[in-house]
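Please read the following briefing alongside the sequence and the coordinates.

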Amino acid sequence: MTRAAPTTLRPTSAKEVRDAVLDTPGRLAITGAGTATGWAGRTADDVAATLDLSALSGVIHHNPGDMTVSVHAGTPVRALQEQLAEHGQRLAFDAARVARGATVGGLLATADAGPSALVWGGLRDLVIGTTSVLADGTMVRSGGHVIKNVAGYDMAKLMHGSYGTFGPLVEVVLRLHPVPKAVACVGVDGPVTEAASRVLELMASPLEPIAVEWVSGDPGRLLVRLEGGARTLPARVERLRELLGADAREVGADAWDAHASLTDGPHAGGDGDGPALDGAVVRIGCAPTRLAPLVEQLPATAVTAGLATGVATVTVPGAAVAEVHDAVAAVGGTSVLRDRPKALDAPAWGPAPSALALLRAVKTQLDPEARFAAGRFAPWM
C-alpha cells in the first residue's frame, strides 16, 4: 500500500506555528527553504505533517545602534543581508547555500557555516536569542536583544545543529558587524600538504586573515581572504603575497564563487542549475593540524578544506561514506552526510558521541513522544 504524502502546513506567525503543533497529532517534519533536505538522516516515513516555515519571514526589529536584529526563522539570509547593507551592517556569515535562499532558522538548525567562521564563528556565535516551540506548545525564549546575556538555560546553543529534533525555531536574534571597507583575496597553487605548511606560518603572522580555504584541483589552490580599510589593505595584501611565496597572486571574486560552488553542489537529483550529484557529500571536522593528512587519505573527488578551522566538505563515492566516517572518528573528529543520491543507502552519521545518553535525555525532556524531526539523527536516536 502506498503511504499518502504528509500534509504541509505553512504558518505565517509564531502563534500559527504553536497552533499547528498543538492541532496536529503524530510526528512533524520541519522545513524552510529546503536547501538541506538531503542532509543528515532521512525523515521518517510515518510523518503526519510537514511544518513549512518559509512563510514565517521578515525582519522583526533592527537596532543599528546596538548592532542587533531579530528576524523570523524563515527569513532568507540573502534577503536579510540586502536590508542590513543599507545601514552599512551585515551578518558576518557566508555559508555557501545562502546563495540558494537558505533561511536563518535552517542554517542554525543544521549548524552550517562558511569560511569566515575562522574569525566570526558560526551562527552559534552570532545568535544571542531564540524563540522556539516545544511539543506541548510551550513557547520558549532564550537570550534576548542584549549581547551580554547569560541568564537561564541556553536553548539558543542547544538548537544549533539540532536539525529540528527539539522543535521549530520561530524567531532568532542576531549580532551584527560592519560591512568591510575593502576585501581582497590571494591565491597560490599547490597540494594540500604544502598549503597546510603555509597556513601554519600564516596563522602565526599578524596578517589576521578572515578566511583560509584550500580547494582541490590539479594541484589545488589555497585561498586567503583579507578585510580592512581601503588605504591599509593593499599593504597587507603585499605582505601576504610575500609570505605565501613568489607564485602567490591576488585573485578576483570568481575564486570565492568557485569555492562556494564546490562546497554547496551539485545536489542529489540535480536542481536545474547544474549536474546531479555523483557520489555523496560529507562534512567533516577535526583539529586543524590533522585536517590535511586526513583529506589526503580519503577517496575524495572534490574537497574544500578550511585548513585553519579544521572543517572540510568532501565528495566521495557513495560506497565510501562509512569509510569516511570511520577515518574522521579515528582522528577525534566528527562527520555528517550532507547530500547523496536518493537511492543511496549510506550512514548519515559516524560513531555515536560519548554524550549520546545526555542528548537522548534532553530529547525526552523536550519532546517526550519524539514528534519532531524523526529520522534525522538515526540511528543515534
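R27 counts as partly exposed at 28% relative accessibility, where buried means under 20% relative accessible area, exposed over 50% and partly exposed in between (1.4 Å probe, protein chains only). The side chain of R27 meets that of D46 in a salt bridge of 3.2 Å, N to O, a salt bridge being a side-chain nitrogen of Lys or Arg within 4 Å of a carboxyl oxygen of Asp or Glu. This is a predicted model, in which local features need pLDDT of at least 70 and side-chain atom pairs count only at pLDDT 80 or more, while totals for chains, interfaces and linings use all residues. Residues are numbered from 1 along each chain as its sequence is written, and side-chain values use heavy atoms, with hydrogens and water left out.

**Salt bridges**

- The count of salt bridges by this rule comes to 14, and in general side chains of opposite charge can pair when their charged atoms come close.
- D46, the partner of R27, is likewise partly exposed, with a relative accessible area of 39%.
- E227 forms a salt bridge with R90, the closest N and O atoms being 2.9 Å apart; because E227 lies in strand β13 and R90 in strand β6 (residues 89–90), the pair ties together parts that are 137 residues apart in sequence. Strands here are DSSP runs of E with at least two residues, and helices are runs of H or I with at least four, numbered from the N terminus.
- E227 counts as buried at 14% relative accessibility, and R90 is buried with a relative accessible area of 15%.
- D112 and R97 meet through their side chains in a salt bridge of 2.8 Å, N to O; D112 lies in the loop between α3 (104–109) and α4 (117–120) and R97 in the loop between β6 and α3, so this pair ties together parts that are 15 residues apart in sequence.
- Both D112 and R97 are buried, and a network of salt bridges links R97, D112, R283 and R338.

**Helix α7 and its surroundings**

- Helix α7 (residues 192–203) has 12 residues and reaches 16 Å from its first C-alpha to its last, close to the 16 Å expected at 1.5 Å a residue, the expected span being 1.5 Å times one less than the number of residues.
- The buried residues in α7 are V192, A195, R198, V199 and L202; seen down the axis of α7, they fall within an arc of 115°, so they line one face of the helix, the arc being that of the directions from the helix axis to the C-beta atoms.
- What covers these buried residues includes β11 (182–189), β12 (211–215), β13 (221–228), α8 (233–244) and α10 (288–297).

**Nonpolar cores**

- In the largest nonpolar core, of 52 residues, L222, I284 and L307 touch the most other members; such a core is a set of buried Ala, Val, Leu, Ile, Met, Phe, Trp, Tyr and Cys residues joined through side-chain atoms within 4.5 Å.
- Leaving aside neighbours within four places in sequence, L222 is in contact (heavy atoms within 4.5 Å) with residues including A195, R198, V199, W214 and L307.
- A second, separate core of 31 residues includes V69, F93, A95 and L126.

**T263**

- T263 is in helix α9 (residues 253–264) and is buried, with a relative accessible area of 16%.
- A polar atom of the T263 side chain lies 2.9 Å from the backbone oxygen of H259, and a polar contact of 3.1 Å joins the side chains of T263 and T304. A polar contact is a pair of N or O atoms within 3.5 Å; within protein, one must be able to donate a hydrogen and the other to accept it, and residues adjacent in sequence count only if both atoms are side-chain atoms.
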